[in-house]
Number of protein chains: 2
Amino acid sequence: MSDMMSTADAPRSPGRPRSIRADEAIIEATLDLLAEGSTIEALSIEAIAARAGVGKATIYRRWAGKDALLLDALRRLKGVLAQPAGHSVRDDLVLLVGAIGKNVDPRAEKIMPCLASAVNRSTDQFQLYQNIISPRRKLMREVLRRGIDEGVLRADIDVEVTMALLTGPMLIQRVLQWNPDLDEQALPERVVDAVLEGIRAR
Amino acid sequence: MSDMMSTADAPRSPGRPRSIRADEAIIEATLDLLAEGSTIEALSIEAIAARAGVGKATIYRRWAGKDALLLDALRRLKGVLAQPAGHSVRDDLVLLVGAIGKNVDPRAEKIMPCLASAVNRSTDQFQLYQNIISPRRKLMREVLRRGIDEGVLRADIDVEVTMALLTGPMLIQRVLQWNPDLDEQALPERVVDAVLEGIRAR
DNA sequence: GCGTTACGAGTCTGACCCGTATCGTATTGC
DNA sequence: GCAATACGATACGGGTCAGACTCGTAACGC
């Protein structure tokens, strides 16, 4: 069920075809319920069916269970990647850091934190999470490498650690509200500048 | 039930006194089950009672429900604070960063991530979380202020942002396994040094 | 010994949910 | 029209759990 695209060029099976509207409605209902504050495990097939205006059987006909459905639904959620302009390394980093936890779909913001907890329980969801963030990591890695090549950044920095340095503060603030007094708006710029300059007196 | 200490100097009520061993057993069972991988909401009073070798009524006699019990149990969990030596600002920061997510109670490590998700759902648990981390933030703030006073750190840095800078990378790695390729052992030192020196070429 | 309260263990009702099955109906190819 | 498959709705048996309750027993002050 993971790749429903394969049905497109199938030899056409007899009988009434599956409703695409039902597909959409089920996925949307799942994401809506999650965004409204339901936990992943508090989410029930029955609630999804009711919300989607769909019979339970219609869901079970498409997915093996809640996990499979969730995986598909969350896959649908990941928004577009922020595209660094490529002029200034600093500005590109500010853009990427600011994009952490932000997506085109406003529901993503609410859903991400509850994904965070699932990461430690299920290998599938850990993989899903890694699939979402690894292209974003790659983007940042390229900007940092470019900075090194251009001589803007030191050549001896550990790129992977630097990425964690840039991402961590933003992520704990967005996901955990780590420090309620911190200005989330200004944080990307401040983080990037602090990491660039360091804090040691000189 | 939050402050059971108040019973100590009460005018002594008649009848059999409540068993302190039962108190302990219930709390311990709760923490054990959480550490074994149970989610907060998958945790049931029945399971706790069974694990503690206690009747369900014994639990309900003490706490209003699962939330109240959880709050008490998690309160019990927070370990001792790491104590910076006060010699070198860098070493103190490495110590504090390394202590993130580490506690005397080995169960804490398993339980913390699942607390993370709860933070966004319940105000109580958000408060609890803040109560746990704010003394640790204070500790780090003092070290940073000392560094500024001693002239080791620049005077114009934003202390709150700097704390997020130091804490974030370690936290996302420990709680979310943000980057599986990152060496968690070496991370505290690397983070502190990178934040101290900055990454800009000069 | 007596009243009081707590204890572990268990029972009971009412939720909620899963996953399957079965309705009558709708939509497709042949 | 007919077989095949889909649809929404609903019912089912089986499961877990919350809370309140009931046992017979145990521990306290008086």
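Mentor: Happy to! Keep in mind that this is a predicted model. Let's start with B:Val191. Leaving out its neighbours within four places in sequence, this residue is in contact with A:Val161, A:Leu165, B:Val97, B:Leu166, B:Pro169 and B:Met170.

Trainee: Okay, and which residues touch the most other members of the largest nonpolar core?

Mentor: That would be A:Val191 and B:Val191, in a core of 104 residues. As a general point, nonpolar side chains in soluble globular proteins tend to be buried together.

Trainee: Which residues of helix α9 in chain B are buried?

Mentor: B:Leu187, B:Pro188, B:Arg190, B:Val191, B:Val192, B:Ala194 and B:Val195 are. The helix covers residues 187-197.

Trainee: And what covers those buried residues of α9(B)?

Mentor: The cover includes α8 of chain A, along with α5 and α8 of chain B. Just after α9(B), B:Gly198 has a positive phi of about 80°.

Trainee: Switching to the contact between the chains, how many residues does it take from each?

Mentor: It takes 45 from chain B and 45 from chain A. On chain B's side, α8(B) gives the largest share, with 12 residues. By class, that side has 23 nonpolar, 12 polar and 10 charged residues.

Notes: Residues are numbered from 1 along each chain as its sequence is written. Chains are lettered from A and ligands numbered from 1 in the order in which they are written. This is a predicted model: local features need pLDDT of at least 70, side-chain atom pairs count only at pLDDT 80 or more; totals for chains, interfaces and linings use all residues. A nonpolar core is a set of buried Ala, Val, Leu, Ile, Met, Phe, Trp, Tyr and Cys residues joined through C-beta atoms within 7 Å. A residue is buried if 20 or more other C-beta atoms lie within 10 Å of its own, exposed if 12 or fewer, and partly exposed in between; C-beta atoms are placed from the backbone. Two residues are in contact if their C-beta atoms, placed from the backbone, lie within 7 Å. Helices (H or I, at least four residues) and strands (E, at least two) are DSSP runs, numbered from the N terminus. Ala, Val, Leu, Ile, Met, Phe, Trp, Tyr, Cys and Pro count as nonpolar, Asp, Glu, Lys and Arg as charged, and the others, Gly among them, as polar.
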